[in-house]
Amino acid sequence: MANAVIMPKAGITVESCIIGSWEKKIGDAVKVGDVLFTYETDKASFECESTEEGTLLEIFFQDGDEVPCLMNVCAIGNEGDDVSSLRPEGAASAEAPAPAASEEAPKAAEVKAPVAETTAIEGKTAVSPRAKKLAERAGVDATLATPTGPNGRIIERDVRTLMDNPVAIAEAPAKAAAPAASEEEYKDVKFSGIRRAISKSMHTSLSTMAQLTHNTSFDATAILQYRKQLKNCEGDLSGITLGDMILFAVSRTLKNHPDLNAHMLDDSSIRLFNHVNLGVAVDTPRGLMVPTIFHADEMSLVEISKATKELAAQCREGNINPDLLQGGSFTVSNLGSFGIESFTPVINPPQTGILGVDTTIDRVRKAPDGSIEIYPAMGLSLTYDHRAVDGAPASRFLKELGQNLANFTTLLAR
Amino acid sequence: MPKNLFVSPEEVLAPGKVTFKDIPVNQYNKTIKEELKSGKYTKEDLIRIFRDMTVLREFETMLNLIKTQGSYNGIDHTYPGPAHLSTGQEAACVGQAYLLDENDFAFGSHRSHSEILAKALSTINKMTDEQLMDVMENFLEGKCLRSTEKLGECKDVKELAIRFILYGTLSEIFARETGFHMGMGGSMHAFFLPFGIYPNNAIVGGSGTISTGAALFKKVNNKKGIVVCNVGDAAMARGPVWEALNFAAMDQYKTLWESHNDGMPILYNIFNNSYGMGDQTRGETMGQDRMSRIASGVSPTQFHAETVDGYNPLAVIDAMERKLELLRNGQGPVMLETVTYRYSGHSVSDQNAYRTKEEIDAWKEVDPLLTYPAKLIEAGVMTQEEVDAILKETSERMTMICKAAADPEISPYCDFKKDPAVVERLMFSNQVVEKFDDREPEVTVPKEEAEGYKKIKSKTRNVIDENGKPVSKMKMYNLRDALSEVIYDRFYEDPTLIAYGEDCRDWGGAFAVYRGMMDAFPHCRLFNSPLAEGSIVGTAVGYALSGGRAIVELMYADFIGCAGDEIFNQMSKWQSMSAGILKMPVVLRVSVGSKYGAQHSQDWTALCAHIPGLKVCFPATPWEAKGLMESALKGTDPVVFFESQRIYDVGEQFHEGGVPEERYEIEIGDVNKVCDGKDITILTVGATLYRAMDAAKELSEKYGLEADVINLHSLVPLKYEKIVESVRKTGRVILCSDACARGSFLNDIAQKITELCFDDLDAPAVVVGARNWITPPFEFDEFFFPQASWILDAIHEKVLPLPGYMAQNGCTEAEALRRAAQGV
């Protein structure tokens with residue numbers, strides 16, 4: 001008897017996944033644990049291992065198909081086994097006859113993949129009255145939400161998703177079809193789920209917020225010395241980086257600046273977090289990912305360092321739990337290693353601020369004795385949402401952060 | 001199916017023949033002089049008979065002129081309503097009314113101005129001045145009397161009463177607030193209870209069953225007087241009239257009833273004017289030569305029927321005298337065919353295309369308004385001058401009345417602009433009446449000794465016992481027990497309460513709600529009716545409007561169609577058409593079947609909810625059933641009480657602590673929230689509650705969604721507050737009932753929710769009903785009636801797609817459009 005392999009549920013909040021590519025083809029012998037196909041959520045990608053042994057008899061969904069979690073994806077069994085009972089309604093089947101009788105037509109029309117990201121006809125997005133009302137109250141653009149309602153309608157839960165997790169913002173409805181051109185001129189590459197999510201999130205961020213950036217620098221002598229000191233230590237302590245120290249300092253400094261450790265809820269309210277859940281921007285082969293260090297304010301420097309490394313590794317390997325890719329209350333993005341002297345980080349909505357870490361350059365200053373001295377200055381670029389925070393308090397945060405970093409050992413002692 | 005009536009094959013299969021007695025036809029042949037000599041009438045009586053006939057004639061003449069020329073004796077008035085005139089039928093009406101008094105109830109036909117006025121004039125003559133003043137002062141707080149007094153000085157109270165009755169009737173016809181029923185009844189529904197004048201009816205033969213119910217009321221409650229049921233000849237072709245004749249003739253009154261076992265005190269009088277509208281009954285649309293023949297097909301007594309010359313008032317009085325004696329001796333029912341003729345058309349638009357001028361002229365030659373006074377003059381009872389004086393007095397009085405009734409100063413219309421709720425307030429009486437009479441209820445055993453009642457009381461009133469263990473079916477107080485308990489209680493409180501319907505007694509009702517009651521209550525309070533739904537509901541209407549309380553059962557809701565007129569036109573409308581003077585404390589139990597296919601499984605709540613004037617409820621739990629039945633059986637309004645055969649056996653699963661031992665009422669109009677949730681509202685009607693609970697369980701267990709489940713045990717009236725509160729909270733609503741989805745009352749509720757909660761809705765309100773088919777055999781129940789999976793499908797497809805869920809039952813838009821286009 002043939003058995004089905006289902007689309008795994010890759011996290012509590014994940015409702016469907018896109019098949020990346022099939023590693024096995026129909027007719028292949030499969031053992032339990034063999035990788036059948038890769039799949040991705042809008043945040044991460046995974047490999048699906050076979051839970052059955054036998055021959056891959058039928059594949060119900062193809063590369064790029066979006067499949068609801070827990071739905072049958074393929075059938076494995078002995079040659080000749082009947083797989084019709086395993087085939088989900090609406091799945092493409094190689095051997096399924098095309099519906100011929102007109103009676104069949106409405107039945108086929110009934111079937112559609114649930115929770116499909118569909119948009120209403122003619123590019124006009126339908127929004128339920130309740131969703132519209134909620135979006136107005138929350139100050140978000142409901143039409144940017146991913147519709148999961150019937151007929152591509154944006155319903156309440158879609159707006160809530162948009163508010164809670166702006167990474168999952170909807171794609172722009174219609175895309176212009178390119179005129180036919182010779183294939184050698186260029187290649188059209190379809191965005192991966194992650195790329196699409198980044199694209200939407202960044203666009204929403206810049207189009208819905210009042211963002212501006214302040215730049216400053218601090219004397220990095222202390223942290224560079226401390227870094228040297230740690231390098232000679234045993235074990236995890238030796239792995240602590242300048243970035244980790246900045247994360248540590250941010251986690252402490254934010255406690256005095258609750259408006260920057262917050263989510264904008266709507267035009268009239270803000271959610272202030274009691275703990276610092278620090279988003280850390282990680283560069284991965286699939287694109288930018290931002291895992292969260294929950295309760296960073298309660299962690300020691302070495303704990304932060306370890307957590308950062310683990311999360312970054314999981315992101316790069318693509319096996320991070322999607323639940324760890326959300327919930328941040330403030331984000332740090334470090335481009336110092338690329339020699340960037342100053343930049344404008346883009347806020348991860350609905351957060352109210354993001355810190356960019358720049359490279360260290362030598363600067364001169366007047367020493368107390370009147371002479372000119374050279375010191376290492378590390379740049380900091382804070383982007384904040386002016387709807388939530390004014391310029392002076394934002395500057396005060398940046399100033400305090402700089403002081404804490406310049407006197408890092410004092411901060412550690414607290 | 002009483003056991004003591006042995007159906008003997010020897011007797012039933014024995015040879016023999018059916019015989020009939022002769023039916024007398026127009027046998028009266030006395031002269032005026034003979035009558036005077038016998039001392040039966042004084043000269044004044046004979047003259048008053050003439051006077052009364054002139055009053056009736058002038059009334060119809062006046063209306064005819066107002067309708068056709070817009071003017072009568074210089075009074076200009078436009079009256080747009082109906083005028084089914086009885087010009088020519090005066091002698092028949094005056095003759096009938098002559099011996100009747102205020103204790104005798106006369107129900108009217110389709111053409112009944114003359115019937116009403118004749119009964120009034122006769123009653124006025126018999127009542128004392130004090131009684132008359134009392135009646136007039138107390139009727140509608142003297143409003144009619146005050147207007148009548150504006151007509152000027154009056155020689156005596158009787159004249160005042162004549163003016164009063166003419167004015168009250170005409171202003172009712174002219175739709176004035178000063179009419180007997182604020183103008184809400186009009187020409188076709190004019191009556192005056194204090195004189196024993198009961199409703200006439202715009203439905204041909206409508207009085208057949210209603211008057212029979214009034215006679216049942218008199219019989220069961222020992223009330224004085226008899227009942228006259230007036231119908232026209234054309235009405236004798238109608239089924240409900242035949243049902244009424246049979247109901248009145250039932251053998252059980254004599255063979256089974258322990259008390260009140262006289263015959264039914266009712267006279268069926270057929271005013272035979274030979275025409276329906278334009279159809280001629282004799283010779284064309286019926287097969288009867290004489291209408292008096294009909295009763296021979298109903299009972300061996302032949303209802304003591306005879307045909308009487310309705311063109312001679314004294315012949316009619318003579319026949320009435322004999323019929324009344326039979327009735328007073330308990331030998332009813334009786335029947336009279338009173339032959340008459342109408343000169344006027346059916347209505348004023350009648351072109352008389354169906355009869356010749358010669359025919360009308362031939363009848364006019366024997367017009368009682370000419371022949372009767374001629375006989376009186378000939379006999380020396382009165383002179384031509386006296387005749388002329390009466391005609392003059394009648395004409396002057398009518399002119400005065402018409403002027404007043406047409407005058408908006410004296411006779412204003414109800415002001416709908418100032419008081420838009422004027423009719424609204426009349427739709428229901430909304431009273432609580434413990435009992436309609438103070439006497440001791442007639443019972444066979446005291447309540448505490450009634451075995452059936454004791455058995456109910458001994459049951460566990462919850463689905464789990466005090467140890468948390470499930471209660472066995474046999475020991476569990478169920479929905480059936482809840483209904484039964486209240487009916488028992490009310491039987492012991494309201495002596496007028498009677499219950500009947502198909503197999504209510506020995507069988508205990510088809511679904512055992514009356515089980516055991518035959519041992520507690522005599523036949524006069526609980527009996528088997530004929531399998532004739534028109535008569536079941538129609539008699540209950542008559543019983544209730546006469547002053548009693550009735551609970552009747554139709555066994556299957558599908559039989560509502562058989563009692564369509566009685567439910568939709570009579571039970572529903574009389575409270576408001578009478579401007580609240582009549583009450584309608586009728587509970588009509590109907591059961592929604594299962595397992596019995598297309599004609600025994602329908603939920604017709606929508607039909608009843610559509611008709612203004614009916615309260616409609618449908619309990620789905622024992623707690624609801626008990627509280628609603630208590631309200632229904634204490635109220636004064638007609639309630640169609642739906643029950644589902646699927647759930648008579650359910651125990652109380654929702655109400656904390658089970659069903660209380662003590663009495664309580666649930667307001668008809670309230671709703672019952674059985675399950676709290678924040679994600680989706682499910683509204684249910686009837687047995688679908690239990691399938692909705694299954695769906696709610698799956699929503700919770702598989703999808704983490706919590707449903708707010710509200711059972712709509714009442715449909716009319718319906719308070720929306722709790723529904724709106726729930727939908728505002730959840731933003732999503734599914735409505736579910738076993739009624740066919742098209743035209744289901746749920747659509748009405750869904751539409752109202754959409755209006756009230758539009759901005760809070762996350763999806764349209766979705767109705768899940770049965771398919772628009774016949775009900776297929778029980779084996780295919782799940783394909784026809786809503787199932788839990790249908791509810792989930794509807795949620796998934798139309799409201800809130802459920803992750804990983806696959807719809808199975810095809811409820812997409814395309815499918816809905818296809819079905820609508822096909823009419824299925």
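Me: What makes up the secondary structure of chain A?
Reply: Chain A comes to nine helices and 18 strands, where helices (H or I, at least four residues) and strands (E, at least two) are DSSP runs numbered from the N terminus. This is a predicted model, in which local features need pLDDT of at least 70 and side-chain atom pairs count only at pLDDT 80 or more, whereas totals for chains, interfaces and linings use all residues. Residues are numbered from 1 along each chain as its sequence is written, while chains are lettered from A and ligands numbered from 1 in the order in which they are written.

Me: How many helices and strands are there in chain B?
Reply: By those DSSP runs, chain B has 28 helices and 19 strands.

Me: What does Leu70(A) touch?
Reply: Leaving out residues up to four places away in sequence, Leu70(A) touches Ile6(A), Met7(A), Lys9(A) and Gly804(B), and a contact here requires the C-beta atoms of two residues, placed from the backbone, to lie within 7 Å. The C-alpha atoms of Leu70(A) and Gly149(A), 79 residues apart along the chain, are separated by 19 Å.

Me: What share of the residues in each chain is buried?
Reply: In chain A, buried residues make up 42% of the 414 residues, and in chain B they make up 54% of the 824 residues.

Me: Why can the radius of gyration of chain B be set beside that of a compact globule?
Reply: The globule rule is 2.2 Å times the number of residues to the power 0.38, with the radius of gyration taken over C-alpha atoms. For 824 residues a compact globule would have a radius of gyration near 28 Å, and chain B has 30 Å, so the value agrees. Along the principal axes, the C-alpha atoms of chain B fill a box of roughly 100 × 70 × 50 Å.

Me: Which residues of chain B account for its contacts with a separation of 6 or more?
Reply: Residues 24 or more positions apart account for 77% of those contacts in chain B. In chain A, 63% of the contacts between residues at least 6 apart in sequence join residues at least 24 apart.

Me: How many residues of chain B are in contact with chain A?
Reply: There are 23 residues of chain B in contact with 23 residues of chain A. On the chain B side, α27 (788–799) and α28 (813–822) each supply at least two residues. That side has eleven nonpolar, five polar and seven charged residues, where Ala, Val, Leu, Ile, Met, Phe, Trp, Tyr, Cys and Pro count as nonpolar, Asp, Glu, Lys and Arg as charged, and the others, Gly among them, as polar.

Me: What are the domains of chain B?
Reply: Chain B is divided into domain 1 (39–74 + 81–418), domain 2 (447–644) and domain 3 (672–822), with bounds that come from an automatic or database domain assignment. The C-alpha centres of domain 1 and domain 2 of chain B lie 36 Å apart, and 32 residues of domain 1 are in contact with 29 residues of domain 2. On the domain 1 side, α9(B) gives the most, with nine residues.

Me: What makes β3 and β6 of chain B edge strands?
Reply: An open sheet of five strands has the order β3-β4-β5-β7-β6 (chain B), with parallel pairing, and two strands pair if DSSP finds at least two bridges between them. Within this sheet β3 (105–107) and β6 (306–309) of chain B each pair on one side only, as edge strands do.

Me: How many bridges join β6(B) to β7 of chain B?
Reply: Four bridges join β6(B) to β7 (residues 334–339) of chain B, and the two strands run parallel. Glu306(B) stands opposite Leu336(B) in β7(B), and Thr307(B) stands opposite Glu337(B).

Me: Which way do the residues of β6(B) point?
Reply: Glu306(B) and Val308(B) point one way from β6(B), Thr307(B) and Asp309(B) point the other way, and all are buried. In a regular strand the side chains alternate between the two faces of the sheet.

Methods: Buried ≥ 20, exposed ≤ 12 C-beta atoms within 10 Å, placed from the backbone.
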